[in-house]
Amino acid sequence: MRTLLRKLGPRYGISLGVLVLVALVLVVARFVGHPAGSLVTSGATGGVPSATGPSDDGSVAVPSPVGPVTSPGAATPQKVADDFVTAWLRTNVSATAWRAALTAHSTTRLAGELADADPQTVPATRVTGPFAFTDHTASWVEVAIPMDSGTLRLSLLAHDGVWAVDTVDWSPS
Amino acid sequence: MRRGPRVLLYVAATLAIAVTCWVGVTVAFFLGNFSDFHANAAVITSTTTTPLPPGACGQGAVDPAGDLPTIASLTSDQVHNAAIIVHVGQNKAVPPRGWVIAVATALQESRLYNLPYLGKKNDHDSLGLFQQRPSMGWGTPAQIMDPVYATTKFYDKLVKVKGWQTLPLTVAAQRVQRSAFPDAYAKHEPLATQIVNTLTGGAARATGSLVDLTCNSGSNIAASGWTVPVVGRITSGFRTPQRPTHNGVDLAAPRGTAIHAAAAGVVTFVGCEATTLAGQPYSCDKDGGPQYKGCGWYVQIAHAGGIITRYCHMVSRPIVTIGQLVAAGQPIGYVGMSGDATGPHCHFEVHINGDGSAAGAIDPVPFMNQQGAPVGVRA
């Protein structure tokens, strides 16, 4: 290993080391990550500053993590994400009907971004695994949804405890 | 068949299906890991590539037919297609921000490959670098499969988008692409910036909206999509001998000066952090001082590529909210001296690898120089 690294030179050696570390962290993070459904009671801190110890005039404390808050009678972020995904994948309708179905679960901002969107650009046909809720605060949730040709990532925002999808990201596999 | 064996058969079949599904999901998880890893790889290489020399902000025309540089994580086909995108932008006198947007869009749509019809699994009749559709009026299949034609069509639509030079990259790209994934383009901004810088000798560090490739300065936004949060003198540097745990830079500016988001991103924290030295809570609406601890009123923003920025000591509650998407240069609050501050300034931190802790902090000065948004003005 050492001779290999020496051959590669210090810059590449360090890059390789960093890549291996990142890979390890990602794999470990995936395994200790929050299973789907643990959202309401868990207390992930990924979305909030996590600086600890002395930090001069920067951030010193860890704000207490808060779970997503849903108004009584309103749909949970899980339900809103589920309904959005169902509508997103239902492309055998008119473009107008497809956009209207999405807009029903979208923030005003996202509805604007989808105003001219073409349903024929939906690159997947079905969900292939559980929804993974990756990060959240009281009013913001991120969720990754494995699909047959990639991963859909949504973020949801709550306004007065009423949830709506705000961003739609796609990574092809 | 008697009842017993039939039940056994059902149980076995159910088990087999369950195992198959489980394996499928597990494989999907691992594939997911690899794609995450791939996305992050762009970040790692961009922080380990040779820094561009000062004053390198793009030079000469890119010739796709000439000798092209190698770019870690990209094949020569991908680099060639990126060179065509930059070359067409230069010929059409599109300012360099457009090159970064176009390269990022093609990274999302085709991974910079000139994709033929891929069958039903593909987006129906979508073709080429930008996955344009003949049935939606983008051109004939043969035209769209010509990278120069496809790129020209992309730029023609982009420059008609109102305010495209200062919109977040993903918003500008979506106005052209009209896809079902409007926020997908943002994550490619760091790699697109690296590609444009490598092909042109630093054009992503030029002011994004100017054709003449001027090294970016002041409060303008670079083609990379970065700008300074506050134009001001650096009164305290990153982890100096006197302040080894100072994980950012202090940018001095008069009380009430607007603090701007350094790049597009999502606001991940807004709050007040101030205590007495004994740990008792203290107001952020009053001036702090050395007898207090904390960042005061502050904002944290997550950007593409696992970059996090933090802005401390605002005079009053920040004017953005958690989850809000902000554009580069958008005001997020005002300079003050809440928390541990002896005078009005913006304590500005940059973190990498999505790590908001001290371990993830890097020196903002070289980082911002590389982005074409140098912090600090000479006293």
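Select Cys272(B): it is partly exposed, with a relative accessible area of 37%. In this document buried means under 20% relative accessible area, exposed means over 50%, and partly exposed is in between, with a 1.4 Å probe and protein chains only.

The model is predicted: local features need pLDDT of at least 70, side-chain atom pairs count only at pLDDT 80 or more, and totals for chains, interfaces and linings use all residues. Residues are numbered from 1 along each chain as its sequence is written, chains are lettered from A and ligands numbered from 1 in the order in which they are written, and side-chain values use heavy atoms, with hydrogens and water left out.

**Stop 1**

Helices (H or I, at least four residues) and strands (E, at least two) are DSSP runs, numbered from the N terminus. Cys284(B) is buried, at 3% relative accessibility.

**Stop 2: Cys57(B) and Cys215(B)**

How many disulfides does the structure hold over all chains? There are 3. For another one, select Cys57(B) and Cys215(B), which are joined with an S to S distance of 1.9 Å. With 95° about the S-S bond, the link of Cys57(B) and Cys215(B) is right-handed. Cys57(B) lies in the loop between helix 1 (3-48) and helix 2 (76-91) of chain B, and Cys215(B) in the loop between helix 7 (189-200) and strand 1 of chain B, so the pair ties together parts that are 158 residues apart in sequence. Cys57(B) is buried at 6% relative accessibility, whereas Cys215(B) is partly exposed at 32%.

**Stop 3**

Move to Cys295(B), which a disulfide joins to Cys312(B), S to S 1.9 Å. Is this link left-handed or right-handed? With -60° about the S-S bond, the link of Cys295(B) and Cys312(B) is left-handed. The pair links distant parts of the chain, with Cys295(B) in strand 5 of chain B and Cys312(B) in strand 6 (residues 308-314), 17 residues apart. Both Cys295(B) and Cys312(B) are buried. Numbered in sequence order, the bonded cysteines of chain B pair as 1-2, 3-4, 5-6.

Now select Cys346(B). Its closest cysteine sulfur is that of Cys312(B), at 7.3 Å, which is too far for a bond. Cys346(B) is buried, with a relative accessible area of 0%.

**Stop 3: His246(B)**

Select His246(B), in the loop between strand 1 (234-236) and strand 2 (249-252) of chain B. His246(B) is buried, with a relative accessible area of 0%. Its side chain reaches the backbone oxygen of Gly237(B) at 2.7 Å. Leaving aside neighbours within four places in sequence, the residues in contact with His246(B) include Asp56(A), Asp57(A) and His347(B); contact means heavy atoms within 4.5 Å.

**Stop 4: Arg153(A)**

Finish in chain A at Arg153(A), in strand 3 (residues 150-159). Arg153(A) is partly exposed, at 25% relative accessibility. The side chain of Arg153(A) makes a polar contact with the side chain of Ser171(A) at 3.3 Å. A polar contact is a pair of N or O atoms within 3.5 Å; within protein, one must be able to donate a hydrogen and the other to accept it, and residues adjacent in sequence count only if both atoms are side-chain atoms.

Methods
Disulfide = S-S within 2.5 Å.
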